[in-house]
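Student: Could we go through the helices and pockets of this model together, taking each point with its cut-offs?

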Amino acid sequence: MVDNQHISKAMTIKLEDMFDDLPEMPQFADGIRRAPARHFTLSPKDAQLALKNALRYIPEKWHRQLAPEFLKELLTRGRIYGYRFRPEEHIKGRPIDEYEGSCIEGQAFQVMIDNNLDFDVALYPYELVTYGETGQVCQNWMQYRLIKKYLEALTREQTLVMASGHPLGLFASSPQAPRVIITNGLMVGCFDDPDNWNRAAALGVSNYGQMTAGGWMYIGPQGIVHGTYSTILNAGRDKLGIPADQDLTGRLFVTSGLGGMSGAQGKAIEIANAVGIIAEVDYSRIQTRLEQGWIGQAIDDPAEAFKIAAQYQQQKKSIAIAFCGNVVDLLEYAVSNNVKIDLLSDQTSCHAVYQGGYCPQGISFEERTELLQSGHAGFKEMVDSSLRRHYELIKVLADRGTYFFDYGNSFLKAVFDAGVREICKNGKDPLDGFIFQSYVEDIMGPILFDYGYGPFRWVCLSGQEEDLKKTDRAAMQCIDPERRFQDRDNYVWIRDAAQNKLVVGTQARILYQDAMGRMNIALKFNEMVRNKKIGPVMLGRDHHDTGGTDSPFRETANIKDGSNITADMAIQCYAGNAARGMSLVALHNGGGVGIGNAINGGFGLVLDGSQRVDTVIRRAIPWDVMGGVARRAWARNKNSIDTSIQYNQMRKGSDHITIPYIADDKMIEKLVTEKLRDKK
Ligand SMILES: NC(=O)c1ccc[n+]([C@@H]2O[C@H](COP(=O)([O-])OP(=O)(O)OC[C@H]3O[C@@H](n4cnc5c(N)ncnc54)[C@H](O)[C@@H]3O)[C@@H](O)[C@H]2O)c1
């Protein structure tokens, strides 16, 4: 029988070597947002299991002291976070040279992780939540400590295996292999639902990585500003008849949410020259955006908010107004007073609708938090009834000419789950989609993803603002603004990026690009690193993209050949990126839409200036995007077919995409109708 002494001797990377004694419980600073207590549903047997699981990280000498402490965390917070092991100092992504490491990738990932937990960046930093209400870097602070140590030890001959926040260990590989392979929240099919996942998370065996939280690639709300800017701009062009070379001047966009991702909406409204009103129930989030300058004013009276918006619309000036209150109340006013809203959406956290993501009408944010804490009495019904009312108001506004779109937060699905069957096209289930469009189905999919345009991003690991400026200029030179209107929008975006002051946390940038655009910019940056013009760079993307994500209610909402319920693309993308030598690959369950609703993957590539990395860029970057374009082409998406035809010509001899023949719709319909009629 092995004992704990043998176990301790068998490891060189372990918690006890980091501390002489059990560390003191660090202070909790005032004013830092805390995650609501996660609903505790474990049986007494499961609670024992959760404790034993957490103590796996802890040497036996501390078990008696920590077991009651961990149990208290479990009972009061619904999870064991191991707060005692949280570093006392302010965590932030520091310049790469300040990190220990045995290879540059190991140092680079530490910058990324620490940025994800920065107080200025993370949503609930004490609970390791980066954004999206539940998206965590890892499950607990013991894991955080160990991951940092593993990354210090990691060499170019090893790969670190990260299983739902748990560092399983280092295993021999090669310089051409990924340095880190991450999975988060993956469940076996028959258990792939929120209840089973919630139990697994409380037991300490599963982590919700969202997309870039557990994939270590978050760059603050800037990451989503570009996508939001493109979405509302193109919604205006497509639905309001605004010409391709114009913006949203004089138009009103109403939405909700000023949190991690949704906080981007204010800035995107300003860049697109629109007027916006954004409802938010949590005043601390409004405060953050006001301080940042991404919101012009905060108003708690709907009449006043719409009055000021109308003045700005008339003057053709842009402003983003925060409405301090519930979005349903804001819409009640708009409906009763016949306010004309051009574009309408919602960005509450409906992927976690009963876990605090959606505050029901009729209670304050603080009351919501108390209800969550005290065990949900009646909370679900309050959420459901609010969602039903929310839907009715949207329907009235849509009938009056407002264009409503689901913003990838699972809003339509949440309304369906609240009992509204008529929201489904077929009146019974979401298989044929919803009566309102998701923004990907209608806008992002056909206009951007089908061509391969997606959220390419980079972080200047030196921490130097000057490096970011140089990369901005270099990226701009790689774009031909005359090719398509999408390129012109991207060109304008990067041209104005510095003056728009988008950076929160590390010196990072996002720039929507297609496959070849991404590859050319990456090669240019790697050359700049080689020539010592800039320090090393981390490349990546979020998972809200052409090829990395299978999510029928979001990223793959415009896949119409029946394959929207499959997850082959995301897994192929992830495996293909690993095979081609990306520095980090990540695969997650749930993403922005909740457990069981999506499989999504991401990557990171450290540009060290080497020829080896040039080769990885040439092979992996086009694959990461074009795998998705090829699948979209196979689903008969027109813009993807055109893009694939061009790609086959351009990459003759190296790549080759199978392109579909198109059957005549009328011929098929006639044949099937006649034959089925005969059969009856
Ligand atoms: N469109 C996209 O590209 C995209 C990208 C990432 C995430 N998302 C999704 O958008 C949602 C929001 O993400 P986030 O990171 O901002 O989450 P978040 O939880 O940080 O922010 C949501 C905000 O909504 C507020 N809120 C909740 N109910 C409200 C109500 N009834 N009225 C007014 N305000 C209310 C909350 O107080 C919170 O601040 C998530 O579901 C996420 O998955 C969308």
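**Pockets and helices**

Tutor: Helix H6 (194–203) gives the lining of the largest pocket its largest share, eight residues. The model is predicted, with local features needing pLDDT of at least 70 and side-chain atom pairs pLDDT 80 or more, while totals for chains, interfaces and linings use all residues. Residues are numbered from 1 along each chain as its sequence is written, and side-chain values use heavy atoms, without hydrogens and water.

Student: Into which numbers of nonpolar, polar and charged residues does the lining of the largest pocket divide?

Tutor: Ala, Val, Leu, Ile, Met, Phe, Trp, Tyr, Cys and Pro count as nonpolar, Asp, Glu, Lys and Arg as charged, and the others, Gly among them, as polar. On that basis the lining of the largest pocket divides into 20 nonpolar, 19 polar and nine charged residues.

Student: Does H23 lie largely in the open or largely buried, and why?

Tutor: Helix H23 (residues 665–679) has 15 residues, and buried means under 20% relative accessible area with a 1.4 Å probe, protein chains only. The number of its residues that are buried is zero, so H23 lies largely in the open.

Student: Which residue caps the N-terminal end of H5?

Tutor: A polar contact here is a pair of N or O atoms within 3.5 Å, one able to donate a hydrogen and the other to accept it, and residues adjacent in sequence count only if both atoms are side-chain atoms. At the N-terminal end of H5, a side-chain oxygen lies 3.1 Å from the backbone nitrogen of Met142, and the residue that supplies this oxygen is Asn140.

Key. Helices (H or I, at least four residues) and strands (E, at least two) are DSSP runs, numbered from the N terminus. The expected span of a helix is 1.5 Å times one less than its number of residues. Buried means under 20% relative accessible area, exposed over 50%, partly exposed in between (1.4 Å probe, protein chains only).
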